[in-house]
Amino acid sequence: MEINEYTVEKLADPMGLIEGERYEFRLYITLDEEDELYSKEGTGIRAILAVDDGVERIVVSYFFERETDKVLDFALDEEELQIILEFCKSNLEKE
C-alpha cells in the first residue's frame, strides 16, 4: 500500500461527540493489481483523526472505492492503522 495523494479537512463537532479537534483525511492509495482491494478506478481510505490534549488517535477508518465513494467491506489491520495514524499526524502539522 502506497499513499500517493490525500486531502484533509477540519471537521466541526457541534454535538461534542468526540473530545478535542477532529480532522477527516481521505488517503488515495496505490495497490498491487493482485490485491483484493485493487480497483482500476482507485481505492482510498477515509480516516477521522481526533486530537485531544496533544494525543492523536484514529476514531474511524475504512476503505472506499474512489470513483463511487462506495464503502468496501474490508477492515484495516493494526499495521495499516499505525501507518495511517503516523501519516495523518505528520501531515496534520503541515495544515
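What follows is a walk through the fold, the nonpolar core and a few individual residues of this chain. The model is a predicted one, in which local features need pLDDT of at least 70 and side-chain atom pairs count only at pLDDT 80 or more, while totals for chains, interfaces and linings use all residues. Residues are numbered from 1 along each chain as its sequence is written, and side-chain values use heavy atoms, with hydrogens and water left out.

The chain has one helix and four strands, and from the N terminus on these elements run β-β-β-β-α; helices (H or I, at least four residues) and strands (E, at least two) are DSSP runs, numbered from the N terminus. Along its principal axes the C-alpha trace spans about 40 × 25 × 25 Å. The radius of gyration, taken over C-alpha atoms, is compared with a globule rule of 2.2 Å times the number of residues to the power 0.38; for 95 residues a compact globule would come near 12 Å, and the 14 Å of the chain agrees with this. Contact means heavy atoms within 4.5 Å, and of the contacts in the chain with a separation of 6 or more, 46% are accounted for by residues 24 or more positions apart.

Buried residues make up 36% of the 95 residues, where buried means under 20% relative accessible area, exposed over 50%, and partly exposed in between (1.4 Å probe, protein chains only). The chain exposes about 6,300 Å², of which carbon and sulfur atoms supply 44%; accessible areas come from the Shrake-Rupley method with a 1.4 Å probe, and for residues only the protein chains shown count as cover.

A nonpolar core is a set of buried Ala, Val, Leu, Ile, Met, Phe, Trp, Tyr and Cys residues joined through side-chain atoms within 4.5 Å. The largest such core has 19 residues, and those with the most contacts inside it are Phe25, Ile45, Leu49, Phe63 and Ile84. Strand E2 (21–30), strand E3 (43–52) and helix H1 (78–92) are the elements that give two or more residues to this core, and H1 gives the most, with five residues.

Leaving aside neighbours within four places in sequence, phenylalanine 25 is in contact with residues that include Tyr6, Val8, Ile45, Leu49, Cys88 and Leu92. Leucine 49, in strand E3, counts as buried at 0% relative accessibility, and its contacts, with the neighbours within four places again left aside, include Tyr23, Phe25, Ile58, Leu85, Cys88 and Leu92. Leucine 49 and lysine 89 are 40 residues apart in sequence and 8.3 Å apart in space, C-alpha to C-alpha.

Threonine 43 is also found in strand E3 and is buried, with a relative accessible area of 2%. Not counting residues up to four places away in sequence, threonine 43 touches Leu27, Tyr28, Leu37, Phe63, Phe64 and Leu72, among others, and its C-alpha lies 5.9 Å from that of phenylalanine 64, which is 21 residues apart from it in sequence.

Most residues other than glycine have a negative phi. Aspartate 53, in the loop between E3 and strand E4 (55–65), has a positive phi of about 55° although it is not a glycine, and it is exposed, with a relative accessible area of 75%. Aspartate 69, in the loop between E4 and H1, has a positive phi near 65° and counts as partly exposed at 42% relative accessibility.
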